[in-house]
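Thanks for asking me to look this over.

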Amino acid sequence: MTRLSKRSFVQLAGWGSLAALALLAGCSKEEKTTTTTAPAGTTTTTTTTTTAAAPAPATSASGPLKIAFAYVGPVGDGGWTFAHDNARKAIEKEFGDKIQTSFVENVPEAADAERVFRDMVSQGNKLIFGTTFGYMEPMLKVANDTPNVMFEHATGYKQAPNMRTYDSRTYEGAYMAGVIAGGMTKTNTLGVVGSVPIPEVVRNINSFTLGAQSVNPKIQTRVVWVNKWFDPPNETAAAQSLINGGADVLMQNTDSSAVLQTAGKAGKYAFGWDSDMTAYSPNAHLASAVINWTPYYKKATQEALDGTWKGGGHTWWGVKEGAIDIVSISDKVPADVKDKVEKVKAGLKDGSFVIWKGPITSNDGKEILAKDAVADDKFLGGINFFVKGVEGKVPGADKK
Amino acid sequence: MEQVALLVAATLNSGTVLALAALGLLINERAGIVNLGAEGIMLVAAIAGFATAVHTGNDWIAFAAAGVAGAILAAAFGVLVIWLNTNQYATGLALSLFGAGFSAFAGIRYTQEKLGEHRAFEIPGLADLPFVGPALFRQHPMVYLAIALAIAIAWFLYRSRAGLVLRAIGESPESAHALGYPVRRIRLLAVMFGGVMCGIAGAYISVVYTHLWVEGMTAGKGWIALALTTFATWRPARVLLGAYLFGGVTMLQLQLQGEGVQLSSQFLTMLPYLATILVLVLISRNATFIRVNMPASIGKPFFPD
């Protein structure tokens with residue numbers, strides 16, 4: 001009996017120490033990734049007496065404005081987070097020593113995010129960007145506790161007097177990609193690897209299909225869901241199954257370049273998403289629908305510097321504001337298709353062209369938008385049906 | 001018909017990852033050691049293999065590098081649990097956490113790298129046969145190697161003396177020790193073999209299957225392989241069957257979605273797990289059979305004195 005209990009004690013100690021080790025490893029990793037990439041030591045300007053006691057987000061000229069970014073993935077993901085970090089670098093270049101930026105990578109969409117935001121506040125950051133939907137609640141909590149710090153939350157919908165939200169119209173990029181896909185397909189079958197069936201993704205699939213149908217009305221789009229944002233082996237499998245089913249141009253709303261690479265291996269075509277992915281598979285790559293966060297980050301930073309920053313409200317920018325673009329269009333795309341894309345882009349820019357304009361019917365035959373009716377942002381935010389030409393049903397849509 | 005052939009081909013391709021890893025884990029579990037670090041080993045090997053493939057352009061050197069990386073990690077794990085008698089489960093979990101973090105760190109500069117455009121593989125003559133050609137004979141050589149390895153492992157376990165010794169150690173390390181077998185050394189070798197196989201599986205994902213490296217890219221395949229060995233009651237043929245079944249149902253459910261079948265995609269995503277567990281539990285529902293095949297000393301520390 002004594003021997004047994006001794007052994008279990010040793011076992012317990014082993015478990016405990018290992019758990020502690022793992023915890024330590026986790027913590028030190030977090031600290032290591034906190035990288036400050038600003039020219040330090042430029043704080044030499046005059047000191048004014050006003051402290052940030054007032055809730056107004058006015059930062060005086062006493063030293064640079066400290067800006068922090070929380071990223072959900074690694075900077076090197078080549079997609080979503082990469083695009084955010086490019087914008088961070090751009091504002092750093094633009095504002096020089098008036099600002100000082102830092103970022104934390106791989107912040108999980110969970111309670112841990114709250115700790116990261118509090119850290120950022122305690123380090124004296126006055127403007128904080130959270131770049132994924134899952135930071136909504138933790139950010140709101142910290143924002144309520146620290147009214148003199150300005151918070152910017154990407155893709156969310158909850159605001160506070162010192163917290164506002166922003167997003168980009170990714171569906172405009174999807175539409176332009178669709179125009180190219182419609183011009184390139186030989187089987188008239190397109191494939192989309194979807195991540196999670198939320199309105200944003202469904203809207204992108206629909207817009208992609210509408211774009212393709214604008215040049216080729218016979219287009220059918222097949223959709224396969226992997227129910228994750230990031231799962232390269234499954235994204236590969238999904239792309240392969242779409243190709244097996246006859247799709248010859250693929251699009252994805254997931255976070256890696258796996259779909260593009262699979263298309264490359266099979267001799268089919270695909271697009272880059274969020275960032276320019278040409279390099280991953282030059283032969284398969286038709287174009288990249290990219291997000292450019294720089295214009296918005298510039299605006300927010302400028303407002304924060306001027307003291308005109310106001311909380312609440314939502315900003316949804318697209319091609320018009322330079323937030324969405326289609327880049328690196330392949331030489332394989334015929335000139336008339338390229339022209340068509342340029343025309344769409346110009347139309348979106350000056351407002352003469354609207355993607356979600358009737359007549360639009362859903363794939364079960366219901367008329368969704370009457371002729372010449374234009375969808376408003378509220379409508380776009382709640383799309384949970386497929387347009388005509390997309391096969392299948394949005395998972396879970398009939399339960400609502 | 002062509003669709004079916006392509007489905008079979010995709011099944012072989014995606015099942016191979018699980019088959020490789022699970023066959024390796026089967027050997028070290030037969031020796032009585034459970035290595036929960038499989039996922040971490042696969043990740044480290046995936047980046048080791050990918051980096052090697054980027055620099056050399058050769059798949060086989062990449063597989064070798066991944067195998068070596070897997071063996072080193074497994075050896076470290078082996079020394080801890082076999083000689084220092086740390087808890088196998090805790091040490092394995094620590095290894096899988098370490099592997100995830102270390103591979104992310106080591107792979108920072110490879111997330112933007114790409115491999116050259118890959119050539120297609122075919123077996124001359126056979127690849128052009130109708131139906132069976134596209135279904136079976138246009139795979140990466142590693143796919144066939146995995147099947148050959150399953151046969152070799154079955155032969156080793158049940159037809160060779162060394163395999164008998166390995167199984168004896170897994171049943172009762174004390175008795176094997178009393179007979180004069182170097183229990184600890186043999187266990188270490190078994191654990192390292194498991195590491196090599198997990199390593200090759202990891203490299204298969206990054207080098208052959210997806211052609212890219214990103215953090216956390218194995219997305220749980222190591223854990224599925226671990227579960228597979230248990231559900232397959234530590235029999236090589238069943239491990240192979242389970243791996244292809246899992247791969248096959250995964251591909252089938254994706255294909256069904258593409259055809260526009262009216263089933264919720266969340267349900268379909270669950271199917272591979274459900275089908276694999278169900279089939280393997282049904283074929284091994286005999287309690288005696290499980291008892292006979294399960295290594296009696298699995299997970300337990302061994303004190304030779």
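1. A definition before we start: helices (H or I, at least four residues) and strands (E, at least two) are DSSP runs, numbered from the N terminus, and the expected span of a helix is 1.5 Å times one less than its number of residues. This is a predicted model, in which local features need pLDDT of at least 70, side-chain atom pairs count only at pLDDT 80 or more, and totals for chains, interfaces and linings use all residues. Residues are numbered from 1 along each chain as its sequence is written, while chains are lettered from A and ligands numbered from 1 in the order in which they are written.

2. Let's take helix H11 of chain B, residues 236–258. Its 23 residues should span 33 Å at 1.5 Å a residue, and its end C-alpha atoms are 33 Å apart, which agrees. Of those 23 residues, 19 are buried, so H11(B) is mostly covered; here buried means 20 or more other C-beta atoms within 10 Å of a residue's own, exposed means 12 or fewer, and partly exposed is in between, with C-beta atoms placed from the backbone. Just after H11(B), Gly260(B) has a positive phi of about 80 degrees.

3. Some backbone angles deserve a look. Most residues other than glycine have a negative phi, and most peptide bonds are trans. Thr233(B), in the loop between helix H10 (221–231) and H11 of chain B, has a positive phi near 45 degrees and counts as partly exposed, with 19 C-beta neighbours inside 10 Å. Phe131(B) has a positive phi near 60 degrees; this residue sits in the loop between helix H4 (88–106) and helix H5 (132–136) of chain B, and its 12 C-beta neighbours inside 10 Å make it exposed. In chain A, the peptide bond from Gly358(A) to Pro359(A) is cis, with omega near 0 degrees, and Pro359(A) lies in the loop between helix H10 (335–350) and strand S14 (360–361) of chain A.

4. Which elements surround strand S2 of chain A, residues 65–70, as pairing partners? Six bridges join S2(A) to strand S3 (residues 99–104) of chain A in parallel, with Lys66(A) opposite Gln100(A). From S2(A) the chain crosses through helix H2 (residues 80–95) of chain A to S3(A) in a right-handed β-α-β crossover (clockwise from the first strand over the helix to the second, with the strands pointing away from the viewer). S2(A) also pairs with S4(A), in the parallel sense over four bridges; strands pair if DSSP finds at least two bridges between them. Six of the six residues of S2(A) are buried, so the strand is largely enclosed by the rest of the structure.

5. Now the contact between the chains. It takes 45 residues from chain A and 43 residues from chain B, where contact means C-beta atoms, placed from the backbone, within 7 Å. On the side of chain A that touches chain B, H7(A) gives the largest share, ten residues.

6. Finally, please check confidence. pLDDT is the predictor's confidence in each residue, from 0 to 100; its mean for chain A is 83, and 84% of the residues reach 70 or more. Over residues 1–7 of chain A, pLDDT stays under 50, and the model has zero contacts there beyond four places in sequence. Residues 20–61 of chain A also stay under 50, with 49 such contacts. Where pLDDT is low, the predicted coordinates should not be read in detail.

How values were computed: Contact = placed C-beta atoms within 7 Å.
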